[in-house]
Amino acid sequence: MSKRIKLFSIATVSASAFLLACGLSASLGAAENSVKNTDVMNSPYGTCSHLAGGQEHDAMPQNMVMMKKAGIDWARADFSWSGIERTQGTWNFEHLDKVMKNAEEQRMQILPILDYHTSWADPAYKHPEAWLEYVRRTVTHFKDKIRYWEVWNEQNLKGFWHDTPDPVAYAEFLKKTYTTIKEIDPDLQVVYGGLAGVPRDFYEKSLQAGCGKYFDVINIHPYRGGLVSQSAIITFKEDIQAFHDLTVKYCGEDKPLWITEMGWATPPVLGRNAKCMISGSLAKVYPDGVPGKIGVIVDYAYTPANGLSERIWSQMLPEGTEMSVLKMADLKKLDPKTTPVLVMPPGEDFPTSCSVDLQNYVKNGGTLVLIGGVPFYYHNICDENGVWSRPKQNPYAGNLAHDFRVSWIAWWTEKGTPETTKITLAPGMNEGVAAEMMKSYPADQLDGTRFFTDSKLKPGDVMEPILLPVSATWMDGEKKGESFNAPCACIYRFNSDWKGNIIVSAVMGDTLGNTNRCMEENQGIYLSQAILLALANGVDRYFSYEFQAVERDDVDPEHHFGLMHSDLTPKSGYNAYKALTTARPAGSVNVKLSEDYAKDNLVVLAWKRPDGQNGWAIWAPTGTVTKKVKISGKVTESFNYLGEKVDVQGGISRMVFSDGITYIIGKNVTVNFGK
């Protein structure tokens with residue numbers, strides 16, 4: 001096990017309660033670690049920003065001012081080889097000197113990434129002499145101003161490595177780079193290139209190849225959906241701990257772990273595309289309007305529904321909809337006569353234990369709507385505590401779709417299926433009310449990658465296309481060259497022994513839930529929860545991805561990761577980051593709690609601030625919780641995750657907590673919970 005002190009633990013208490021704070025010390029005031037004066041170098045707060053070129057370079061002075069106002073002390077930026085040696089043998093640091101000048105003015109630290117290729121050295125790792133010359137010149141130029149150097153970015157992805165990702169090759173590449181940097185100044189710190197996701201196997205193989213001696217900081221990019229369920233929080237903790245454990249196993253000691261990318265995009269099409277698809281397809285099924293309520297899942301115990309509040313659902317349903325808000329348990333008694341439509345949370349998960357109930361629902365006339373990827377692709381199962389998650393062993397649902405008479409194909413399931421196609425609205429969707437509903441759907445900007453067939457239908461059943469491929473052909477096999485017209489969205493209309501409908505769309509450009517995309521209002525919640533949980537679980541530095549959004553393409557999520565809009569107006573993520581650093585300023589020290597504070601779906605974290613005050617963060621990740629709270633000590637500040645004032649009284653009172661964090665700051669403040 002890692003030698004790093006575990007500051008955050010989780011233990012299941014009951015079906016609706018789980019322990020999220022651990023207890024060893026007697027009180028907040030008895031924190032074992034004394035608070036040290038800290039400077040910017042030791043701040044845990046960072047962000048990624050493309051400061052070396054483009055939009056964020058042009059807006060750099062204002063960007064850095066806004067970063068500093070939010071308490072962000074670090075900016076991660078590419079110091080790309082191709083930007084420094086634009087023509088072979090000619091070296092240019094002028095653009096990066098401007099970055100460093102602004103950083104110095106704002107008292108910010110830069111984490112540079114040594115990365116990528118040139119036209120004469122591609123892939124870079126196969127040209128070590130040229131690469132190391134770039135490293136020597138760059139590090140030497142900035143060695144008195146920059147102390148940490150990251151070696152490559154997401155080397156476990158072919159798109160960045162420019163070859164088949166190879167942990168052994170990266171280990172050798174890192175060794176040579178580390179040695180060169182340490183020759184320039186042995187006190188410089190080398191950061192392992194940020195790994196995309198949490199690829200334990202890649203990291204372990206690089207350690208087995210001997211790279212453990214050749215870096216000072218571990219580095220991961222654990223993108224995922226919001227940490228708004230018990231299973232999501234546990235998995236996040238386990239992922240972080242696994243990297244600490246591997247480091248200790250192969251290096252004989254632990255090393256600092258940084259998250260240098262993690263964030264949530266807020267493309268405006270989220271919800272809008274879903275609304276077009278749901279509204280348009282329902283208009284085809286019910287031309288006179290849905291004759292009853294539309295059921296939606298608002299159940300935080302069901303992981304695919306994470307972040308889908310009643311308000312967000314209302315943005316995805318047809319105008320004037322009468323909505324029926326359901327828990328997962330309600331699916332057993334769902335009546336098509338009163339709730340003729342059920343829209344499941346977008347994504348590729350399906351609640352396996354509800355399969356028979358939902359088959360009966362469709363059989364008896366209900367319309368089931370499944371959008372946001374291949375339907376029935378992953379199992380989602382409920383444990384004894386009422387919490388849903390994908391099983392770690394065999395998460396795939398196999399042929400479950402066939403039980404619903406749905407058949408889907410993709411390039412890996414049926415030979416000759418195109419990997420990707422351009423798509424367009426089917427002719428029937430350009431008529432009547434459906435056409436009006438679908439007019440804003442950006443089909444020409446989306447791709448088809450999974451498709452549907454009618455192979456499992458019974459006599460009387462039909463498949464009606466919604467989205468069709470454009471000028472596509474079978475790519476291989478007996479049908480090679482023939483027209484390929486399998487829809488990537490369709491309506492299965494049943495008129496055999498079944499009497500309902502299933503609406504499916506495998507287009508993934510509008511996926512919510514378990515992804516790194518969210519409605520803008522949720523970005524701040526997800527960000528502040530992730531930073532606090534990361535720091536509580538032994539992460540030393542967190543860089544949000546990214547600072548200023550590009551926003552030139554409504555569909556591409558990469559254009560919408562910023563904490564700021566392209567015009568530098570704040571998103572909820574920026575305001576949440578600012579509130580967090582106000583509550584937990586750099587130099588704060590985690591404090592272990594003496595009791596099992598975090599019961600009944602509460603997360604409770606505490607720290608000692610550099611000014612001697614105590615800080616608390618409290619939230620309910622899986623829904624609203626009302627608790628009796630006893631607050632001792634003098635409260636000096638209390639506010640929510642956006643920095644908005646919250647009225648907190650000393651003594652005993654009843655308080656309501658939600659997924660939006662409540663911060664409580666004060667001298668010798670302690671918080672205790674009752675029934």
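Axes are lines fitted to C-alpha atoms, for helices over the stretch in contact, and angles run from 0 to 180 degrees between N-to-C directions. In this predicted model, helix 15 (residues 520–536) packs on helix 16 (residues 572–583) at an angle of about 35°, with the axes 7 Å apart. Their crossing is right-handed. On the helix 15 side, the contact is made by Glu 520, Glu 521, Gln 523, Gly 524, Leu 527, Ser 528, Ile 531 and Leu 532; helix 16 contributes Ser 572, Gly 573, Ala 576, Tyr 577 and Leu 580. By class, this contact has six nonpolar, five polar and two charged residues.

Helix 15 also packs with helix 9 (residues 230–251), at an angle of about 45° and with the axes 10 Å apart. Helix 9 is therefore oblique to helix 15. The crossing of helix 9 and helix 15 is right-handed. Ile 233, Phe 236 and Ile 240 of helix 9 meet Ala 530, Leu 533 and Ala 534 of helix 15. The residues of this contact divide into six nonpolar, no polar and no charged.

| Helix pair | Angle | Axis separation |
|---|---|---|
| Helix 15 and helix 16 | about 35° | 7 Å |
| Helix 9 and helix 15 | about 45° | 10 Å |

As for confidence, the chain averages a pLDDT of 90, and 92% of the residues score at least 70. Over residues 1–38, pLDDT stays under 50. For that stretch the model has 118 contacts beyond four places in sequence. Where pLDDT is low, predicted coordinates should not be read in detail.

Terms used:
Residues are numbered from 1 along each chain as its sequence is written. This is a predicted model: local features need pLDDT of at least 70, side-chain atom pairs count only at pLDDT 80 or more; totals for chains, interfaces and linings use all residues. Side-chain values use heavy atoms; hydrogens and water are left out. Helices (H or I, at least four residues) and strands (E, at least two) are DSSP runs, numbered from the N terminus. A crossing is left-handed if the near helix is turned anticlockwise from the far one by less than a right angle, and right-handed if clockwise. Contact means heavy atoms within 4.5 Å. Ala, Val, Leu, Ile, Met, Phe, Trp, Tyr, Cys and Pro count as nonpolar, Asp, Glu, Lys and Arg as charged, and the others, Gly among them, as polar. Angles under 35 degrees count as roughly parallel, over 145 as roughly antiparallel, 65 to 115 as roughly perpendicular and the rest as oblique. pLDDT is the predictor's confidence in each residue, from 0 to 100.
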